[in-house]
Amino acid sequence: MYDELREQGLVVIAVALDAGGADAVRNRILCPDLAERPDALRTMMGWSDELWSRAAPPTYPCLIDTEHLLAELYQMTNVPMAVWIDEQGRIVRPTESAGFGEGIRKMDPATFEIPADELGLLVSNRSTYVDALRDWVRRGAESPFALAPDEVRRRMRLPDADDVLAATHARLGQYLHRIGDGEGAKEHFRHAARIVPGKWPYLRQSMVLDPDLIGQLNTAPEFWAAASASEKGQLYPPIDMPGIRPH
Amino acid sequence: MSVTVLYGDTPSTCAAARQDGDRLWLSAEDLHETTGWLRKPEGLCRGDACIPVSGEWVDAQGRIEVTALAERLGQPVVGDTGRSVWAFGTSARRRGEDLMSLQAPDFTLPDLDGRPHSLRDFRGSKVFLHTFGSY
């Protein structure tokens with residue numbers, strides 16, 4: 001999806017928020033049973049044909065964030081989310097859903113099937129988002145999608161005491177996972193999730209540190225129950241961009 | 001007793017620590033090595049900053065209560081006394097200041113082959129920084 005933009009000089013950095021580390025991520029992006037994943041999922045996630053067929057692993061930097069540092073630094077509350085940064089290292093679009101949205105709520109967690117109208121809206125909004133990205137890559141600061149500093153600040157969500165405390169639990173959790181204390185790791189990610197329920201990576205992480213759950217996409221029943229019960233806009237805040245339609 | 005402290009980038013083992021509930025005391029040497037704060041006559045100093053040390057921060061063995069220091073600095077602390085591991089984070093104020101400067105916070109993370117990459121490596125290009133997960 002981003003290959004064309006890379007050719008135009010955009011650096012795409014993909015970061016996996018995953019205490020499971022390189023093994024988990026490698027399994028996910030080069031997933032052996034990817035071909036068995038339903039088409040609906042493939043469409044929803046926008047995976048390219050090459051990725052789908054495992055012919056081409058990502059050629060852009062694919063980094064592993066075992067501590068969920070980016071959730072803290074950039075206030076990422078879910079995945080996929082993105083930040084646009086210009087050539088001078090300035091944020092021109094603060095953290096927002098990376099063309100994804102709340103349509104995922106209507107997904108059947110067992111089959112990944114999703115009503116056609118929801119899927120259509122997800123695809124349409126993603127297309128709008130990628131068009132905006134394309135416009136910025138081409139026109140830089142002239143693009144209306146690169147926001148003025150005041151607007152960036154206005155949209156920014158700043159971390160509070162709970163955010164940094166949860167991040168510290170995540171830090172401890174990641175350390176415990178690294179030294180082989182899986183139960184301790186999960187315990188601290190659960191703490192993090194309790195302190196900031198709006199940051200979904202913590203909750204997911206508290207559930208999927210078991211090796212045999214690696215690669216299971218959002219399907220843990222506990223996670224799905226929590227996600228389904230959350231208020232509208234809590235999973236993926238609506239993207240504030242002309243042309244994006246709400247779910 | 002020995003306690004593992006996560007303060008900077010690498011974990012520190014502090015041999016002569018004392019933990020009690022949500023409070024942690026470190027020897028002056030461990031404190032300095034772990035946090036960079038050095039005990040001087042003026043107080044606790046790091047770089048250009050010095051903080052007067054309250055008598056309550058120092059125990060009978062001369063250990064310094066690092067959790068009191070953290071509270072003073074607005075730093076979040078998580079103590080897992082059962083596992084003797086303590087983690088110290090960055091204050092919300094500091095994180096907020098960094099973000100409001102609009103300079104994208106730098107970070108260094110490994111790729112799939114373990115090679116480190118920093119955001120600042122890409123200065124001079126437009127960067128689309130996005131997140132995903134294996135779960």
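User: In this predicted model, which residue of β13(B) does A:I13 stand opposite?

Analyst: The model is a predicted one. Strand β1 (residues 10-17) of chain A and β13(B) are joined by bridges and run parallel. Within β13(B), the residue opposite A:I13 is B:L129.

User: What is the bridge partner of A:A14 in β13(B)?

Analyst: The pairing of β1(A) with β13(B) rests on 7 bridges. A:I13 stands opposite B:L129. For A:A14, the bridge partner in β13(B) is B:H130.

User: What is the order of the strands in the open sheet of 5 strands that contains β13(B)?

Analyst: The pairing in this open sheet is mixed. Neighbouring strands of the sheet are turned against each other by 20° on average, direction ignored.

User: Which element gives the most residues to the side of chain B that touches chain A?

Analyst: In the contact between the chains, 42 residues of chain B meet 70 residues of chain A. The elements that give two or more residues to this side of chain B include β9 (77-80), α3 (92-100) and β13 (126-132). By class, this side has 24 nonpolar, 12 polar and 6 charged residues. With 7 residues, the element that gives the most is β13(B).

User: Across which strands of chain B does helix α8 of chain A lie?

Analyst: Helix α8 of chain A spans residues 161-178. Its direction is at about 135° to β10(B). The strands across which α8(A) lies are β1, β9 and β10 of chain B.

User: Which strands stand at the edges of the open sheet of chain B?

Analyst: This sheet has 4 strands with mixed pairing, in the order β2-β1-β10-β9. The strands at its two edges each have a single partner strand, so one side of each is left without a neighbour in the sheet. These edge strands are β2 (12-14) and β9 of chain B.

User: What is the bridge partner of B:V5 in β2(B)?

Analyst: Strand β1 (residues 3-6) of chain B pairs with β2(B) over 3 bridges. The sense of this pairing is antiparallel. In β2(B), the partner of B:V5 is B:S12.

User: How many Å apart do the C-alpha centres of domain 1 and domain 2 of chain B lie?

Analyst: The domain assignment of chain B gives domain 1 as 3-89 and domain 2 as 93-122. Between the C-alpha centres of these two domains, the distance is 26 Å.

User: Are α10(A) and α11(A) roughly parallel or roughly antiparallel?

Analyst: Helix α10 (residues 200-207) and helix α11 (residues 221-229) of chain A pack at an angle of about 160°, with their axes 9 Å apart. An angle over 145 degrees counts as roughly antiparallel. The relation of α10(A) to α11(A) is therefore roughly antiparallel.

User: Is the crossing of α10(A) and α11(A) left-handed or right-handed?

Analyst: Where the helices meet, A:L203, A:R204 and A:M207 of α10(A) face A:E222, A:F223 and A:A226 of α11(A). By class, this contact has 4 nonpolar, no polar and 2 charged residues. The crossing of the two helices is right-handed.

Terms used. Residues are numbered from 1 along each chain as its sequence is written. Chains are lettered from A and ligands numbered from 1 in the order in which they are written. This is a predicted model: local features need pLDDT of at least 70, side-chain atom pairs count only at pLDDT 80 or more; totals for chains, interfaces and linings use all residues. Axes are lines fitted to C-alpha atoms, for helices over the stretch in contact, and angles run from 0 to 180 degrees between N-to-C directions. Angles under 35 degrees count as roughly parallel, over 145 as roughly antiparallel, 65 to 115 as roughly perpendicular and the rest as oblique. A crossing is left-handed if the near helix is turned anticlockwise from the far one by less than a right angle, and right-handed if clockwise. Two residues are in contact if their C-beta atoms, placed from the backbone, lie within 7 Å. Ala, Val, Leu, Ile, Met, Phe, Trp, Tyr, Cys and Pro count as nonpolar, Asp, Glu, Lys and Arg as charged, and the others, Gly among them, as polar. Two strands pair if DSSP finds at least two bridges between them. Domain bounds come from an automatic or database domain assignment.
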